[in-house]
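Dear colleague,

Please find the structure below, handed over for your records. My findings follow it.

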Amino acid sequence: MENERKILLVDMNAYFASVEQQCNPALRGRPIVVCGEGRTIAVTASYEARAFGIKTGMTIPECRRLCPHVIPVVGNLDKYIDTSLRIHKIMLDFTDRVEVFSIDECFMDVTEEEKFFGGAAEIAKKIKQRIKNELGLLCSVGIAPNKTVAKLAAKSKKPDGLTEVEPEAVASFMENLPVEKLQGVGIGRHLSEKFRSLGIFTAKQLGEADVMMLTGHFGVLGRTYRNIGLGRDFSPVKLYNDKAPVKSVGHSHTLPADTRDISVIKSYMLMLCEKTAARLREYGLMARTVFLMIRWDDFDMMAQRTTLKHYFNSGAEICENAWKIFERAMPLKKAVRLIGVSVSGLSACDKQQYIFEDMQKRQRMLLAMDEINQRYGGFTARPAALLTAEKYG
């Protein structure tokens, strides 16, 4: 029964920024934003920076206007992954039902284990204390009968919070929750705006909304949204070693400066396609669908996809089809700010597909290039066309 479950959501507070502050004592207590190299946006901000109104997604100039002494710190994903694995190890000392939701969030099902530790709240306190003592980091924990309410509970008190919602208190917890607060549990900003246009302003109103009306506007997802409003969620917490199958592979990049230079755009696109293809081959997969996303200098977006009749795993072929999509926007009326490429419609690589000698040669060349890059790092072996992107920055 759902109401008998004890689900925890452990949510690290200002994760990337907190890791950077812990690694560099000079950053502690100071407003910092974690970002990429060059012209970029704030991936996350420390609580000291948030006090000035700095939010995720702001450009660095916007951050500096709010806080002139803010410190941009170039992020290090390897560092954050390593720290996450250490956090997972702490959680696994309590149960093997640890489901990684994101790099800084994990669900735990302690229904069977809580009796050994004095209850779910005691487990949460022990986890919080160990993460603080061993890693110097703070987290917020939500406890509830299901994953949806646990996640909302964790976000209700930050930083360093601990909120437990008992089964009989779920309805009152959800009652006055604005639909905007449901972001992160399957409802985004645009969807919450749509709800408001339909006269739905709280989670309770969403839970009480007419099912036929919701399915009329949102299809089969209408019932899912209604369950979210009711605080219902029957999905289990997966075992830590259960890995979901890869459904898509991709990369995106914000350019150092907005540009209409076709050679620069094409070079960056090829770089992203080559990275995507290398990951495809690493996973032993091939794809049929290419998706291209362009963000223009005014922050409008173009997002389109194309599906081929055959499978592929080469950067050149991904780029060829991504470029065909891009050509639909030419001649360019706006400059390009960001390029994103991904592939889907995945299938395991079948070597028997390469019945023609030229196809076999191409695959041998790609695998040889992968081996060189894995051994020596980065794009040691790469198409010459990528030099344009390298010179641009």
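Which way do Ile32, Val33, Val34 and Cys35 point from strand 2, and are they buried or exposed? In strand 2 (residues 32-35), Ile32 and Val34 point one way, Val33 and Cys35 point the other way, and all are buried. Buried means under 20% relative accessible area, exposed over 50%, and partly exposed in between (1.4 Å probe, protein chains only). Helices (H or I, at least four residues) and strands (E, at least two) are DSSP runs, numbered from the N terminus.

This is a predicted model, in which local features need pLDDT of at least 70 and side-chain atom pairs count only at pLDDT 80 or more, while totals for chains, interfaces and linings use all residues. Residues are numbered from 1 along each chain as its sequence is written, and side-chain values use heavy atoms, with hydrogens and water left out.

Strand 2 has two pairings to report, where pairing requires that DSSP finds at least two bridges between two strands. With strand 4 (residues 71-74) the sense is parallel, over four bridges, and Ile32 has Ile71 as its bridge partner there. With strand 3 (residues 44-45) the sense is antiparallel, over two bridges; Val33 is partnered by Ala45.

Ser18 lies in helix 1 (residues 15-23) and is buried, at 16% relative accessible area. Beyond its neighbours within four places in sequence, Ser18 is in contact (heavy atoms within 4.5 Å) with Asn13 and Leu137.

As to the cysteines, there are zero disulfides, a disulfide being a pair of cysteine sulfur atoms within 2.5 Å. Cys63 is in none, and the nearest cysteine sulfur, that of Cys35, is 8.4 Å away. Cys63 is buried, with a relative accessible area of 0%, whereas Cys23 is partly exposed at 49%.

Yours sincerely
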